[in-house]
Amino acid sequence: MAEQGFMERPVYPVLFIIALSLVFVGILAAMYRMNEPGIEKQKLEAYEKSILSLCADSLASATGISTPEIMAAYPQSFADYIKPLPEGAYPRRAFEVKFGDRILAYVFDITGKGLWGTMRALIATTPAKDTIIGINVYEQLETPGLGARIEESWFTGQFEQKTVLDNGVPVDFELIPEGQSAAEPNQIRQVTGATITSKAVLTMLQNELRLILDVEAGK
């Protein structure tokens with residue numbers, strides 16, 4: 001019986017696929033390394049623009065410059081009005097929004113646990129930190145079409161101008177069905193089919209507000 005050549009052996013296709021995969025993985029890794037600085041720059045710009053957008057209306061009221069003009073003036077407008085607070089000032093990254101000597105808002109980078117992983121959001125508050133100016137969920141691993149809808153503007157928009165502190169204690173929000181109108185100030189319409197994720201957003205808000213309050217109280 002004639003001896004089989006190497007390319008005719010059963011192991012050959014397996015080794016060929018492994019080698020081919022390694023080549024493509026290497027190419028992709030090299031391409032990512034080449035483009036990494038640009039990718040990181042785009043991520044930073046998106047992050048800063050998100051902070052700016054949360055406070056743009058407050059800045060417009062204080063400066064007399066329109067909201068679209070403030071957004072169009074990025075990155076100069078970000079540099080002019082928004083300063084990161086020193087590391088360690090709060091348990092999370094925090095930013096101060098000022099016009100002249102007047103503090104207009106604070107922005108906190110908060111985090112919590114969703115159904116499938118960690119979620120992150122930016123929350124802008126009034127200087128007294130008792131009212132939400134805006135919130136933007138910018139990172140989450142929730143189910144597409146269900147829990148991932150917490151990023152949608154109809155959901156995050158419900159928190160705008162919500163009082164979040166009652167005598168120094170975080171307000172308990174109540175979830176109601178998505179199709180129902182809120183009858184009380186503390187009611188939030190949940191995402192249909194994503195009760196756990198909707199609750200996770202409220203839990204994240206309450207937990208992170210308590211951390212901020214603890215810092216304010218010097219605990």
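β4 and β5 pair in the antiparallel sense over 6 bridges, where pairing takes at least two DSSP bridges between two strands. Strands here are DSSP E runs of at least two residues, helices are H or I runs of at least four, and both are numbered from the N terminus. Across this pair, I123 stands opposite I135 in β5. The hairpin of β4 and β5 has 6 residues between the strands, and K129 takes a positive phi near 60° there. All of this comes from a predicted model, in which local features need pLDDT of at least 70 and side-chain atom pairs count only at pLDDT 80 or more, while totals for chains, interfaces and linings use all residues. Numbering runs from 1 along each chain as its sequence is written, and side-chain values use heavy atoms, with hydrogens and water left out.

β4 also pairs with β3, again in the antiparallel sense, over 8 bridges. A hairpin of 4 residues joins β3 to β4, and T125 in β4 is the bridge partner of Y106. So how enclosed is β4? 6 of its 8 residues are buried, so the rest of the structure largely encloses it. Buried means under 20% relative accessible area, exposed means over 50%, and partly exposed is in between, using a 1.4 Å probe and protein chains only.

## Two nonpolar cores

A nonpolar core is a set of buried Ala, Val, Leu, Ile, Met, Phe, Trp, Tyr and Cys residues joined through side-chain atoms within 4.5 Å. In the largest one, with 29 residues, F108 and F159 touch the most other members. β3 (102-113), β4 (118-125), β5 and α5 (195-216) each supply at least two residues of this core, and α5 gives the most, with 8 residues.

Leaving out residues up to four places away in sequence, F159 touches I132, I135, I188, V201, L202 and L205; contact here means heavy atoms within 4.5 Å. A second, separate core has 21 residues, including I51, L52, F95 and L122.

## The largest pocket

The largest pocket has a volume of about 210 Å³. On a 1 Å grid over the protein atoms alone, a pocket is an open set of points with protein on both sides within 12 Å along at least five of seven lines, a cavity is a set where a 1.4 Å probe fits but cannot get out, and lining residues have an atom within 4 Å of a point. Grid points are joined across faces, edges and corners, and a volume is the space filled by probe spheres set on the points.

The pocket is lined by 14 residues, and S53, L54, I133, G134 and E160 lie nearest its centre. α1 (11-63) and β5 (132-139) are the elements that give two or more residues to this lining, and α1 gives the most, with 5 residues. By class, the lining has 4 nonpolar, 7 polar and 3 charged residues. Nonpolar covers Ala, Val, Leu, Ile, Met, Phe, Trp, Tyr, Cys and Pro, charged covers Asp, Glu, Lys and Arg, and the others, Gly among them, are polar.

## The cavity

There is 1 cavity of 30 Å³ or more, and the largest cavity has a volume of about 40 Å³. Its lining is Y90, P91, R92, F108, I110, E208, L211 and I212. By class that makes 6 nonpolar, no polar and 2 charged residues. The largest share, 3 residues, comes from α5.
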